[in-house]
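This report covers salt bridges, cavities, a surface patch and backbone angles in one protein model. The sequence and structure come first.

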Amino acid sequence: GNQSCGGGCGAEMTMDACDCGSMSCGGSCGSKRKICGVFDDCNGAWGTYEALLWFAKPRDLPPLVLGSDIGTLPVVGQPGNVTTLFGGPGETELTAGFRTDMGFWLSDNVGIGGRFWMLFDGGEDFNTSSDGTQSLGRSFFNTSNGAAGEDAQLIALNGVFAGDVQASSELDIMAAEAYARLRFGCSKNCKLDFIGGYTHFEIDDSLSITSNTINTAPSGGNPIGTRRRFSDRFDTENEFNGGQIGFEMAMSRGRWLATSLTKVHLGNMTQTVNINGSNTRQIPGGPMTSNSGGVLAGVAPFGQDKWVDEERDVFAFAPEANFKLAYKFRPNVALSVGYSFIYFDNVALAGDQINRNVSGSSIGTGVAGTDPVFNFNDSSLWVQGVDLGVVIDF
C-alpha cells in the first residue's frame, strides 16, 4: 500500500513497478538501466561466475581389452575367468568445469547478455602390462572363414607373449551463447524474463587404444624378440548451431534470491567421425615395418591418412533447466548454489562408431578390402550437477 509495488500488493505484476523513480528501487537515480528489485538498487548490468561439478551420462563401450587366468585365452566365452579390463558399461564420473554469464540492460525492460561454459576431460585412463602370468587380449568378433566367433589379438600369453596396453577415453563440452532478455513483468520481489538468442555447442569425444607385444617364443612366423604394436583411435566432433528460447524467473526475500531458468536449444548438429589405425612389426636386428590399420580400425584408402573421415548434418534439440539459490552478503554481491541439467539429442560418440566385426586374417597386413564396415551411429547425452558461484549486479 506504499506504492513501492505500484499499488495494491506485491503479487501484482506491473511494468510501472520497475520505474527507477519508484520506491521499488530504493529511490530515484540517474540511470534507467537495472534489474528490477533483485538487490533493491538501480542496477545496470549483471555477472555470474560459477564452478561446475557435473556428471555426464555413462558412455557404454564394447569389451575392448580382456584378461584371463594364466595359460588361458582372453576370449569371450572361453574358460579361465575372462574379465573385461577396459570397455563394457560406462560409469558416472565427476567432471569439473566453469560457467560465466554477463550482460547489461539497454532499457528498463530489454537487456542483452552472453554466457560461456566448459567441462574439462571427462573420461577414463587405463593401462596394464603382463609377462604372461595374466593373459591379455584385444577383443573382436572374427568374421574370417572357418574362424567365425569371438576372438582376440593377443597381448600377453604365458610362455608365448608379454606385453602392455594403454587406453583412454575423453569427453569435452563447450558452449557459447548470445541472448536478449525481455522483461515480461515484475514486482518488488519477483521478476519474469523471456530469453531468446543464439547457441553454439561443441561436444568432442575420443577413444584410443595402443598395445605392444613381444614374442617370448616363436609364433606365427615371428621369432623370439619380435615386437608388434597396434594403435586404434576413434574421434567424434559434434558442432551445434541454433537458436534458444526460454524463461527465467527470480524471487527475492530479504537477503535470499531464488531463480529458475528453463529453455530449449533448437538447431543443426554437424557430426564428424575420424577413425585411424596403424601397426608396426620389428624382428630382432631387422628394420621396423609399418602398415595402416589397427585391430578395430581398418586400412586407410590409398592417398588418405584415415580409414574413416565422415561428416553429416542432423536436426538436434537440447532442453536445459537450472535452479539456483543465492544469499546476498554484500549490497551487490551474492553467493549461490544451484543444480543444472542439459540433455543433448543426436550426438555422435566415439564408442558408438566401433564395429567389432573384423576379419582376423587381415589384422596387421595393411591390405584393404577386408576391413570392418563403418556405420554412422548417434545417441543421446546428458550432463547434470551442482553449480557453485557468485552473482554480481552493478
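## A buried pair: Asp-232 and Arg-138

Asp-232 has a relative accessible area of 3% and is therefore buried, where buried means under 20% relative accessible area, exposed means over 50%, and partly exposed lies in between (1.4 Å probe, protein chains only). Asp-232 forms a salt bridge with Arg-138, and the closest N and O atoms are 2.6 Å apart. A salt bridge here is a side-chain nitrogen of Lys or Arg within 4 Å of a carboxyl oxygen of Asp or Glu. The two residues belong to distant parts of the chain: Arg-138 is in strand β6 (residues 135-142) and Asp-232 in strand β10, 94 residues apart. Arg-138 also counts as buried, because its relative accessibility is 1%.

The strand labels follow DSSP runs numbered from the N terminus, with helices (H or I) of at least four residues and strands (E) of at least two.

## Basis of the values

The model is predicted, and local features need pLDDT of at least 70, side-chain atom pairs count only at pLDDT 80 or more, and totals for chains, interfaces and linings use all residues. Residues are numbered from 1 along each chain as its sequence is written, and side-chain values use heavy atoms, with hydrogens and water left out.

## Other salt bridges

How many salt bridges does the rule give? The count comes to 17. Side chains of opposite charge can pair when their charged atoms come close.

Asp-193 and Arg-181 form one of these bridges, with the closest N and O atoms 2.8 Å apart. Asp-193 is in strand β9 and Arg-181 in strand β8, and the two are 12 residues apart. Asp-193 is buried because its relative accessible area is 0%, and Arg-181 is buried because its value is 6%. Salt bridges with shared partners join Arg-181, Arg-183, Lys-191, Asp-193 and Glu-248 into one network.

A further bridge links Glu-50 to Lys-324, with 3.1 Å between the closest N and O atoms. This pair spans 274 residues, from Glu-50 in strand β1 to Lys-324 in strand β13. Both Glu-50 and Lys-324 are buried.

## Cavities

A search of the whole structure finds five cavities of 30 Å³ or more. A cavity is a set of points on a 1 Å grid, over the protein atoms alone, where a 1.4 Å probe fits but cannot get out; lining residues have an atom within 4 Å of a point. Grid points are joined across faces, edges and corners, and a volume is the space filled by probe spheres set on the points.

The largest cavity has a volume of about 430 Å³. It is lined by 28 residues, of which Thr-48, Arg-181, Glu-248, Thr-259 and Lys-324 are the closest to its centre. The lining divides into 11 nonpolar, five polar and 12 charged residues. In this count Ala, Val, Leu, Ile, Met, Phe, Trp, Tyr, Cys and Pro are nonpolar, Asp, Glu, Lys and Arg are charged, and the others, Gly among them, are polar. Strands that each supply at least two lining residues include β4 (94-105), β8 (161-186), β9 (190-215) and β10 (227-253). β11 gives the most to this lining, with five residues.

## Nonpolar surface patch

A nonpolar patch on the surface has about 970 Å² of accessible area together, and its members include Leu-53, Phe-55, Trp-256, Tyr-327 and Val-386. Patches are made of residues with over 30% relative accessible area and no salt bridge; nonpolar side chains (Val, Leu, Ile, Met, Phe, Trp, Tyr) are joined within 5 Å, like charges within 9 Å. Accessible areas come from the Shrake-Rupley method with a 1.4 Å probe, and for residues only the protein chains shown count as cover.

At least two patch residues each come from β1 (45-56), β13 (308-330), β14 (333-347) and β16 (379-393). β13 gives the most, with three. Tyr-327 is found in β13 and is partly exposed because its relative accessible area is 34%.

## Positive phi angles

Most residues other than glycine have a negative phi. Asn-81, which is not a glycine, has a positive phi of about 55°. Asn-81 is placed in the loop between β2 (61-68) and β3 (83-88), and is exposed because its relative accessible area is 53%. Asn-346 also has a positive phi, near 55°, and lies in strand β14.

Definitions and conventions. 1 Å grid on protein atoms, 1.4 Å probe; cavity = no way out; pocket = protein on both sides within 12 Å on 5 of 7 lines; lining within 4 Å.
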